[in-house]
Amino acid sequence: MRLLVVGAGATGGYFGARLAAAGRDVTFLLRPGRAAQIRADGLRIVSPHGDLTMAPEIVETGKLSGHYDAILLSVKAFSLAPALEDLAPAVGPDTMIMPVLNGMKHVDALKRRFGSKAIIGGVCRIAGTIDAQGRIVQLSPMQSLTYGEFDGTASARMQALDALMQGAGFEARLSAAIEREMWEKWLFLASLCAITCLMRGTIGEVVAAPGGLAVANGLLDEILAIIRAAGVPPGEAAVAGARSMLTAEGSNLTPSLYRDLQNGSSIEADQIIGDLLVRGEAAGVAAPLLAAVYAQMSIYQARLTAA
Ligand SMILES: NC(=O)C1=CN([C@@H]2O[C@H](COP(=O)(O)OP(=O)(O)OC[C@H]3O[C@@H](n4cnc5c(N)ncnc54)[C@H](OP(=O)(O)O)[C@@H]3O)[C@@H](O)[C@H]2O)C=CC1
Ligand SMILES: CC(C)(CO)C(=O)C(=O)O
């Protein structure tokens, strides 16, 4: 199976490198700047599971030829529209596209562009970042990819993808309920982003602050109400797990969006927070705390764009 990984950042670079190192047929689609950096220095991973430097197969945007069996799409939401055009030449009638972006908005964009059949569901769990030298730094041991057909079937193509993913040094799992799992991840992730970004602190710092626990629970409850009304309702275990992690004393947990905000980088505010408000409003669910978070993030993003 030929896999094209679009983007060699914290997620795509990490999982793509592990797959390539395990002998899978992996090519990275990269823009010229990142391609030049990786050709010069290698694709470098710094990880609690062992560091890795490798020279991957690279094709630059605009130079793709031929179709791939599977595409792992790992760009940030604000880079999605041009990335879809860049990867389009790789999409044939039997190509499956697995996005690992957070949220759900990209699924609609992908289905509109390539048709529903081409898109499969994906959930990625890792805490990673790119450092000043262009290395991918894995910040905690967590590393998993979950994937599946939106209709839950264990199709032949999904079994082939599962065979490619298994045994490459990270947790890989074929899910019969990927859509629900994507909404469950969004519940957790959006709550984590909202809590840490509004309060400018880790979960442990928020919980220790006066009134912090109430804000954490309040944001989770608002997002849960939106998802129950407008999405695929999460299972009770997922809700309980999210609440326990989002209110854990002493936890140093933060999401990638919080790290982006701290670094002065663009943030996926529209995809991770704004899109929930849109869906909530359409379903008649009020979310005043979440609306305040989105307004605050929008001011940050507007200043960044203007600078
Ligand atoms: N980081 C994390 O810990 C986690 C992130 N996620 C989610 O995964 C998604 C990806 O995030 P992450 O990996 O962190 O993002 P990064 O910013 O680390 O990586 C994205 C990469 O995509 C590349 N890119 C952008 N446009 C194109 C294009 N048209 N063609 C080829 N490459 C392109 C960028 O390269 P360049 O700009 O250099 O050209 C960049 O290296 C996000 O939705 C995020 O929320 C999910 C779980 C954990
Ligand atoms: C919450 C986490 C770490 C799980 O992968 C994540 O998705 C992110 O930081 O963007």
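Residues are numbered from 1 along each chain as its sequence is written, with chains lettered from A and ligands numbered from 1 in the order in which they are written. In this predicted model, local features need pLDDT of at least 70 and side-chain atom pairs count only at pLDDT 80 or more, while totals for chains, interfaces and linings use all residues.

The protein chain is divided into domain 1 (2-176) and domain 2 (181-306). These bounds come from an automatic or database domain assignment. Taken over C-alpha atoms, the domain centres are 25 Å apart. Contact involves 14 residues of domain 1 and 13 residues of domain 2 (C-beta atoms, placed from the backbone, within 7 Å). On the domain 1 side, helix 4 (105-114) and strand 8 (121-130) are the elements that give two or more residues. Strand 8 supplies the largest share, three residues. By residue class, this side holds five nonpolar, seven polar and two charged residues. Here Ala, Val, Leu, Ile, Met, Phe, Trp, Tyr, Cys and Pro count as nonpolar, Asp, Glu, Lys and Arg as charged, and the others, Gly among them, as polar.

"Ketopantoate reductase C-terminal" covers residues 178-298 in the record. That span is 75% helix and 0% strand, with 30 Å between its end C-alpha atoms. Such annotations may be inferred rather than shown by experiment. Helices (H or I, at least four residues) and strands (E, at least two) are DSSP runs, numbered from the N terminus.

Strands pair if DSSP finds at least two bridges between them. With strand 1 (residues 2-6), the pairing is parallel over four bridges. Leu-72 of strand 6 is the bridge partner of Val-5. With strand 7 (residues 96-99), strand 6 is again parallel, over four bridges. In strand 7, Met-98 is the bridge partner of Leu-72. The chain passes from strand 6 through helix 3 (residues 80-87) to strand 7 in a right-handed β-α-β crossover. Right-handed means that, with the strands pointing away from the viewer, the path from the first strand over the helix to the second runs clockwise.

In a regular strand, side chains alternate between the two faces of the sheet.

Methods: Two residues are in contact if their C-beta atoms, placed from the backbone, lie within 7 Å.
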